[in-house]
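The sequence and the model are shown first, and the description follows.

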There are 2 protein chains.
Amino acid sequence: MYHVVHTTYMKDEFGDYVRQRREQLRTQDPAFSVRGLAGRIRVEPSYLSKVERGETPPPSEATILRIAREIGEDGDVLLALAGKVSTELQAVIRKRPTLFAELIRELKDQPDHAVLRLVREVRDGEW
Amino acid sequence: MYHVVHTTYMKDEFGDYVRQRREQLRTQDPAFSVRGLAGRIRVEPSYLSKVERGETPPPSEATILRIAREIGEDGDVLLALAGKVSTELQAVIRKRPTLFAELIRELKDQPDHAVLRLVREVRDGEW
DNA sequence: GGTAGTGTGTACGACATGATACACGCCTTG
DNA sequence: CAAGGCGTGTATCATGTCGTACACACTACC
């Protein structure tokens, strides 16, 4: 039976995005070299390089959030690109699983503006 | 520097719950022995035993959902007890990260009835 | 032409995850 | 007393996660 070891990661989105964003920032600020950014997010340059090229899966949540801060991107968005959901949000859901599960499934097929309306409704507190 | 190997898992909720529920069901139906249930959810009896006693961390999502079905518990609830959130729900969130992140954080400190009201609002479609 | 900075290739590592396989000792029942 | 069902202890394993360490080749500068 064939069983490829599959050493190559493949199919990015996260890496592509980070690289593009970093190179863009770099046109304004040479501190956004691979080594520069890697230093500030406290990983090895070769690791960041591999992540950006999708040779390795996206980093841990903590590292992703440090990247987000550094490149000025929303943490939840970057986590999403990495196929993850913030553990903080997960904790909220886990405290009331049925309630949140139902809400989220209900909203799955609702358009953005409908969801946004709910957000505002809660925030502006028309309760 | 001390560095305990930490071979013992510890601190359950999931295991306790499953065991209790299984033993309860067992009073009505002898098919709910460790071996019986293990067979139906397709894991080794010794593994289920260890899980129930919290000697090992909770199983994978797929296995948890099979357990839920078998013992008649809600999947999301059982996943929550295992410290997990359904990948299906996570996928919904990942498609619109900022929108859902905002909503969930907003609802974090809202009482149950407020969240429930939203659920109904969406479902009953007063849109 | 050294030296400083750049991206990347290769090798390896520790630890977590999610289980299997098998044997052992304890009851019960025919 | 053996045969079957029971729960559990011990050993082991494949794969995934999340990186480090170091060397290499290229370019630019003065």
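## The interface between chains A and B

Across the interface of chain B and chain A, 16 residue pairs are in polar contact, both residues being at pLDDT 80 or more; a polar contact is a pair of N or O atoms within 3.5 Å, and within protein one must be able to donate a hydrogen and the other to accept it, while residues adjacent in sequence count only if both atoms are side-chain atoms. On the side of chain B that touches chain A, H5, H6, H7 and H8 of chain B each supply at least two residues. H7(B) gives the most, with 11 residues. That side of chain B divides into 21 nonpolar, five polar and 15 charged residues. Here Ala, Val, Leu, Ile, Met, Phe, Trp, Tyr, Cys and Pro count as nonpolar, Asp, Glu, Lys and Arg as charged, and the others, Gly among them, as polar.

The model is predicted: local features need pLDDT of at least 70 and side-chain atom pairs count only at pLDDT 80 or more, whereas totals for chains, interfaces and linings use all residues. Residues are numbered from 1 along each chain as its sequence is written, chains are lettered from A and ligands numbered from 1 in the order in which they are written, and side-chain values use heavy atoms, with hydrogens and water left out.

## Extent and salt bridges

Chain B and chain A bury about 4200 Å² between them, with 69% of it on carbon and sulfur atoms; buried area is the accessible area (1.4 Å probe) lost on putting two parts together, summed over both. The contact (heavy atoms within 4.5 Å) takes 41 residues from chain A and 41 residues from chain B.

Eight salt bridges are found across this interface, each being a side-chain nitrogen of Lys or Arg within 4 Å of a carboxyl oxygen of Asp or Glu. Asp76(B) and Arg105(A) form a salt bridge, their closest N and O atoms being 3.0 Å apart.

Sugar and phosphate account for 57% of the atoms of DNA strand C that come within 4 Å of the protein.

A polar side-chain atom of Arg53(A) lies 2.4 Å from a phosphate oxygen of DNA strand C, and for Ser33(A) the corresponding distance is 3.4 Å. Arg35(A) has a side-chain N or O atom 2.6 Å from a base oxygen of DNA strand C.

Methods: Near = heavy atom within 4 Å. Helix = DSSP H or I, 4+ residues; strand = E, 2+ residues; numbered from the N terminus.
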